[in-house]
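Reader: Before I plan anything around this model, I would like to go through the terms used for it and hear what each of them rests on. Could we take them one at a time?

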There are 2 protein chains.
Amino acid sequence: MDTAISAITATDGVTLQRRAYDELRRLIMQGLIAPGQKLSIRGAAHALGVSMMPVRAALQRLESEGALVGRGGKRVMGIPDLTADAYREIRAIRVELEGLAAERAAGQVTDAQVAATTAHCVRMQAAAEAGDRAEYIAANWDFHLSIYQACGMPTLVAMIEGLWIRVGPYVATMMPDRDALIRSMPAHWDIVAALKARDGRAARAGIASDIGTSGATLIAALERPRAAGKRRGQAK
Amino acid sequence: MDTAISAITATDGVTLQRRAYDELRRLIMQGLIAPGQKLSIRGAAHALGVSMMPVRAALQRLESEGALVGRGGKRVMGIPDLTADAYREIRAIRVELEGLAAERAAGQVTDAQVAATTAHCVRMQAAAEAGDRAEYIAANWDFHLSIYQACGMPTLVAMIEGLWIRVGPYVATMMPDRDALIRSMPAHWDIVAALKARDGRAARAGIASDIGTSGATLIAALERPRAAGKRRGQAK
DNA sequence: GCTCCCTTTTTGTGATCACATCATGCGGCG
DNA sequence: CGCCGCATGATGTGATCACAAAAAGGGAGC
């Protein structure tokens, strides 16, 4: 089996389509579904060990969120292509939304939440120095999420998550090298400092700076002509 | 039949679930599904004249977008309650997103697009003076949409639509009176002027002003204690 | 008259099946 | 040797059915 999809089981009150959605979402976020890989309802259903129905609902929901797109005449689904222009758009939106979230969070964050965010930043620092990309990505997400959740705006956090899932498959694939990871850390510590100072303006500026610098690396990778071997991999 | 849902038919290449989704979305947007009204899969399927399957997919998608919410222990769906706080959150997000869209649009809008936006503003002006709320709402949406589409950011436009559908049922229900409609017009004309001048900063400010003033009316209505007769209406 | 419990109905979830459509591969013909 | 056509398989869509859980309705007991 050349897919990362593993079987799910029915548990207590959680519906199968919810478990299928969560599992597929996690795989996409972590870049375990390669761009170009084809996902069919029957194939994913077989890999997950359930019937077509819950998988169909999960895939349709992921499609409505932009995490997947109908490919080859809507016949099969796959990771949407991310052009440099599309990413520039997402980046511009992120600056607005995550800037807003950070600004609001700075105004009402508790000491405990600042401590949690700081801990995530320490994790990022360690992962960057160790060159552990997967850990860096996970810690980076936890870091940002811990800030945004502190603003008490659930709709906003959900929208931000919807943006991250679109770039997730690509940041996981084309990750910058160790030096770039280390260079990204000062901006993150600036954000922590802004939170500690309860400075909303500085927090927004720090987020914008972080998005801008990390985005530059990804845009460069996206504009680089793709490798030859594409359209590989099959679900089942 | 005490519901506004009317039957849909299969046409050429459009899937039934797409037609069901579009129809239900339109009804929600226009406030034709009252808050508190219960929507069941079987009931809506019967009203639409199709089986449960396409309706189920449509309702699940609308739920994932926040346009509907599982009510009464996820047993039945309905319009989500809109608290004043929830609306304040949406309003804050709208200021960022629609401000961004207007700012970008002002920088690259064509003369033809400005003319179309102006025409929608004229429609709004006429509807406001005539006290035609339904026409005002429709023209207002066309006005804003024509601006946002000019910025060439499809993801951003989709996100803005996702915000409008959440407040749609309530703006259609608790609409301000004629005087408030007329008072809202100068801000809209300011936006048109900003577009003509290709002034991005002014366009963003105009949008923020419009959202702020129109939002004040709705917040006042939301904070007013609800009428007694709630939880009425049935689909089917 | 009110409350509690049991029966009936309604509802969402998931599985299986039927069907039209599209891709694919194989064989024959030029 | 290359190209076209047909047949076979794969796929998404939609319908129907089975099942468990939750809601609703009614009747008996206090």
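**Terms and what they rest on**

Author: Let us start with one residue, Ile211(B), which lies in helix H10 of chain B, residues 200–223. Please keep in mind throughout that this is a predicted model.

Reader: Why is Ile211(B) called buried?

Author: The word applies to residues under 20% relative accessible area. Ile211(B) has a relative accessible area of 0%, and therefore it counts as buried.

Reader: Which residues does Ile211(B) touch, leaving aside those up to four places away in sequence?

Author: With those set aside, Ile211(B) touches Arg91(B), Arg94(B), Val95(B) and Glu98(B). As for distance along the chain, Ile211(B) and Ala92(B) are 119 residues apart in sequence, while their C-alpha atoms are 9.0 Å apart in space.

Reader: What makes the pair Arg204(A) and Glu96(B) a salt bridge?

Author: The rule asks for a side-chain nitrogen of Lys or Arg within 4 Å of a carboxyl oxygen of Asp or Glu. In the pair Arg204(A) and Glu96(B) the closest N and O atoms are 2.9 Å apart, so the pair meets the cut-off of 4 Å. Across the interface of chain B and chain A the rule finds two salt bridges.

Reader: Which elements of chain B give two or more residues to the side that touches chain A?

Author: They are helix H3 (52–64), helix H4 (84–108) and helix H7 (154–173) of chain B. The largest share of that side comes from H4(B), with seven residues. By class, the side of chain B that touches chain A has eleven nonpolar, four polar and seven charged residues.

Reader: How many residues are in contact between the two chains, and what is the area buried between them?

Author: On the side of chain B there are 22 residues, in contact with 22 residues of chain A. The area buried between the two chains is about 2000 Å², and carbon and sulfur atoms give 60% of it. The count of residue pairs in polar contact between chain B and chain A, with both residues at pLDDT 80 or more, is eight.

Reader: Turning to the DNA, how do you know that Arg75(A) makes a polar contact with a base of DNA strand D?

Author: An N or O atom in the side chain of Arg75(A) is 2.4 Å from a base oxygen of DNA strand D, and because a polar contact is a pair of N or O atoms within 3.5 Å, the pair qualifies.

Reader: Which elements give two or more residues to the surface near DNA strand D?

Author: From chain A they are helix H2 (41–48) and helix H3 (52–64), and from chain B they are helix H1 (16–29) and H3. H3(A) gives the most, with three residues. In all, 16 residues surround DNA strand D, the closest being Arg42(A), Arg56(A), Arg75(A), Leu16(B) and Ser51(B). Of the atoms of DNA strand D that come within 4 Å of the protein, sugar and phosphate account for 47%.

Reader: What makes the approach of Arg56(B) to DNA strand C a polar contact?

Author: An N or O atom in the side chain of Arg56(B) is 2.9 Å from a base nitrogen of DNA strand C, so this pair also falls within 3.5 Å. On the phosphate side, an N or O atom in the side chain of Gln17(A) is 2.9 Å from a phosphate oxygen of DNA strand C, and a backbone N or O atom of Ile41(B) lies 3.2 Å from a phosphate oxygen of DNA strand C.

Reader: Which helix gives the largest share of the surface near DNA strand C?

Author: That share, three residues, comes from H3(B). The surface near DNA strand C has five nonpolar, five polar and four charged residues.

Reader: Finally, how many helices and strands does chain A have, and what part of chain A counts as buried?

Author: Chain A has ten helices and two strands, and of its 236 residues 47% count as buried.

Notes
Residues are numbered from 1 along each chain as its sequence is written. Chains are lettered from A and ligands numbered from 1 in the order in which they are written. This is a predicted model: local features need pLDDT of at least 70, side-chain atom pairs count only at pLDDT 80 or more; totals for chains, interfaces and linings use all residues. Side-chain values use heavy atoms; hydrogens and water are left out. Contact means heavy atoms within 4.5 Å. Buried area is the accessible area (1.4 Å probe) that two parts lose on being put together, summed over both. A polar contact is a pair of N or O atoms within 3.5 Å; within protein, one must be able to donate a hydrogen and the other to accept it, and residues adjacent in sequence count only if both atoms are side-chain atoms. Helices (H or I, at least four residues) and strands (E, at least two) are DSSP runs, numbered from the N terminus. Ala, Val, Leu, Ile, Met, Phe, Trp, Tyr, Cys and Pro count as nonpolar, Asp, Glu, Lys and Arg as charged, and the others, Gly among them, as polar. A residue is near a molecule or strand if one of its heavy atoms lies within 4 Å of it. Buried means under 20% relative accessible area, exposed over 50%, partly exposed in between (1.4 Å probe, protein chains only).
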